[in-house]
Amino acid sequence: MNALYLAFSYLRYNWARSLVLVLVAALIMFVPIATQTLLSTSERALLARGEATPLLLGSRGSQLDLTMAALYFSEERPDPVAMREVETVWDSGLGVPIPVHTAFSSGGFRIVGTTLDYFDFRNLDTASGRGLSVLGDAVIGSDVAETLGKGVGDTLVSAPENLFDLDGVYPLEMPIVGVLAPTNTPDDQAIFVDIKTAWVIQGIGHGHENVVTADEVAAGSSVLANAAVVQYQRITEDNIESFHFHGSQDDFPASAVIVVPNDTRSSTVLKGRYLDSELPTQLIEPAGVIQGLVDRIFRIKSLLDVVTAIIAIAAAAAVGLAVFLSYRLRAREIATAVKLGAQKGMVLRLLAAETFTLLLVAGSIAAIGATIVSRNAEAWVGWLLALGT
Amino acid sequence: MVRVENLTFGYSADGFRLRIPEFSLADSERLAVVGPSGSGKTTLLNLIAGILSPESGTIEVAGTVVSRLSDAKRRRFRASQIGFVFQDFALLDYLSARQNIFYPYRVTPALTLDVAAKDRAEKLATACGIGDKLDRHPSALSQGEQQRVAICRALVTQPKLILSDEATGNLDPESKGRILDLLFEQAAEAGAAVLAVTHDHELLPRFERVLDFAQFREGIQV
């Protein structure tokens with residue numbers, strides 16, 4: 001106890017030096033633990049999203065871009081896949097196709113046009129409000145609600161695809177009818193609308209005032225007051241009937257189609273149908289794509305581990321040197337203790353007590369930090385993964 | 001109190017050799033040891049305290065032959081029977097004056113820091129004029145005050161012998177006499193003998209006896 005008392009008194013009196021040593025030692029312990037926790041959580045989060053999505057149908061091209069766009073709503077733009085592919089899967093009776101359209105955004109968050117099946121498939125529940133029911137409705141993820149400070153009753157306006165998208169894609173004002181419960185997945189960062197609403201944003205469907213023909217004007221049955229036709233920028237009960245789509249829905253685009261096969265056999269059969277590399281579409285297993293990405297990341301991680309180990313060794317050596325120099329500086333104290341009759345082991349106990357106290361405090365700080373990281377890892381990883389979208 | 005017979009000691013590194021045929025110190029006696037630098041005065045203190053072991057001869061302190069004790073026993077004996085006062089005070093800057101006085105109790109299991117020891121420390125500090133400064137750290141005390149703390153530390157364990165190594169060497173001329181008188185006063189009250197190494201000849205009249213140490217270098221007899 002005397003050794004601990006003296007050690008504590010020494011560390012408290014030299015608090016600035018002790019603080020630096022404690023923080024450096026705590027960092028040496030904390031960084032590898034936190035890194036490992038975040039990386040393993042990232043790996044789990046990435047793989048979980050991939051494993052929860054059995055098959056993904058899209059245009060032939062980069063499988064990673066397709067996966068990132070459909071699962072993480074990233075900015076990657078795979079070539080669109082025609083809606084007739086959705087019908088093909090339906091008609092096969094081998095699984096349920098869920099189209100996702102991720103071309104647009106609002107307030108920095110991706111607008112995901114899909115069908116109601118998506119919400120059942122991802123087990124998404126509304127924390128407030130209701131689900132999608134009318135053209136133009138929007139249901140937002142929990143992070144969107146928190147970041148934009150919006151909730152049920154507010155509205156969102158879609159942004160054009162890009163600054164030069166001036167040829168007819170009108171911004172659409174969408175009422176928020178529901179807010180989803182948090183899931184720590186990219187769904188928290190998405191604005192969900194019916195896929196038809198996404199097509200309206202894209203300009204494939206629209207609503208406008210009644211159009212009159214020149215004959216009707218000549219016959220006097222209509223009067224033309226203005227040549228311009230007003231396009232509706234908000235879908236309301238009064239104008240919803242005027243919204244319509246031009247062309248065949250089979251040709252309308254989706255970014256990708258999530259396919260939920262009925263069983264393993266159905267999955268195998270479906271995959272077999274898209275093996276031909278001449279086909280414009282491909283059917284992939286996102287889990288395999290994500291696993292490949294994770295493997296690549298973790299190959300980099302092993303390099304990072306070496307760098308971390310080198311830094312940790314250098315920092316530990318610096319701490320050791322500081323402690324050693326501190327002991328050298330205390331030679332006079334040790335000599336005094338010996339003259340006053342200190343037992344041989346006392347000096348060692350005193351130095352050990354100081355080192356133990358330093359490591360205990362540093363270890364406690366590192367443990368608290370590691371606990372905080374561990375408890376929040378899923379949320380932070382979800383946020384970090386969303387940063388890349 | 002102290003009896004030394006046929007003592008020889010040497011440092012192999014520089015060829016220094018000390019030889020003391022006979023030397024004694026009575027109970028409660030105040031003896032000054034003078035001599036040129038390097039004559040072995042501090043070495044004698046370390047031999048009497050059992051920090052160094054003689055090559056031959058006998059060192060007896062308070063009836064115990066220190067030179068025959070094991071290292072561990074010598075440490076215990078030193079902690080309980082001998083008080084040290086150093087020229088540079090040897091106070092620990094990270095401890096308050098009070099905790100510096102208690103320091104011997106912190107570093108040796110031979111002593112127990114009980115209520116009696118705490119009362120003794122308070123009384124000593126009051127007697128030395130630092131009773132109201134016990135919570136200060138050495139850096140907040142004058143040199144004279146620091147040496148008073150060191151005197152309290154040397155006496156709080158109720159030793160039979162006080163070894164003082166240039167205790168007034170770092171003090172101004174006015175303080176020297178006062179500090180030495182204080183040391184003698186408190187030692188007398190505790191019934192302890194004082195063996196003090198000093199270079200200050202003005203202080204010698206305050207001692208009962210003066211020992212010129214130059215005679216003990218090798219080859220010189222008393």
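Predicted model: local features only at pLDDT ≥ 70, side-chain atom pairs only at ≥ 80, totals over all residues.
Residues are numbered from 1 along each chain as its sequence is written, and chains are lettered from A and ligands numbered from 1 in the order in which they are written.

**Exercise 1. Describe the side of chain B that touches chain A.**

Step 1. Two residues are in contact if their C-beta atoms, placed from the backbone, lie within 7 Å. The contact involves 18 residues of chain A and 20 residues of chain B.

Step 2. On the chain B side, the elements giving two or more residues are α2 (71–81) and α4 (103–107); helices here are DSSP runs of H or I with at least four residues, strands are runs of E with at least two, and both are numbered from the N terminus. The largest share, 5 residues, comes from α2(B).

Step 3. By type, this side divides into 14 nonpolar, 2 polar and 4 charged residues. Ala, Val, Leu, Ile, Met, Phe, Trp, Tyr, Cys and Pro count as nonpolar, Asp, Glu, Lys and Arg as charged, and the others, Gly among them, as polar.

**Exercise 2. Determine the order of the strands in the open sheet of chain B.**

Step 1. Strands pair if DSSP finds at least two bridges between them. The order of the 4 strands is β2-β1-β4-β5, with antiparallel pairing.

Step 2. The edge strands, each pairing on one side only, are β2 (16–25) and β5 (64–65) of chain B.

Step 3. Between β1 (residues 2–11) and β4 (residues 56–61) of chain B there are 5 bridges. In β4(B), B:E60 is the bridge partner of B:R3.

**Exercise 3. Explain why helix α7 (residues 195–202) of chain A is largely enclosed by the rest of the structure.**

Step 1. A residue is buried if 20 or more other C-beta atoms, placed from the backbone, lie within 10 Å of its own, exposed if 12 or fewer, and partly exposed in between. Of the 389 residues of chain A, 33% count as buried.

Step 2. In α7(A), the buried residues are A:I195, A:T197, A:A198, A:W199, A:V200, A:I201 and A:Q202.

Step 3. Because 7 of the 8 residues of α7 of chain A are buried, the helix is largely enclosed by the rest of the structure. A:G203, whose phi is positive, near 95°, follows α7(A).
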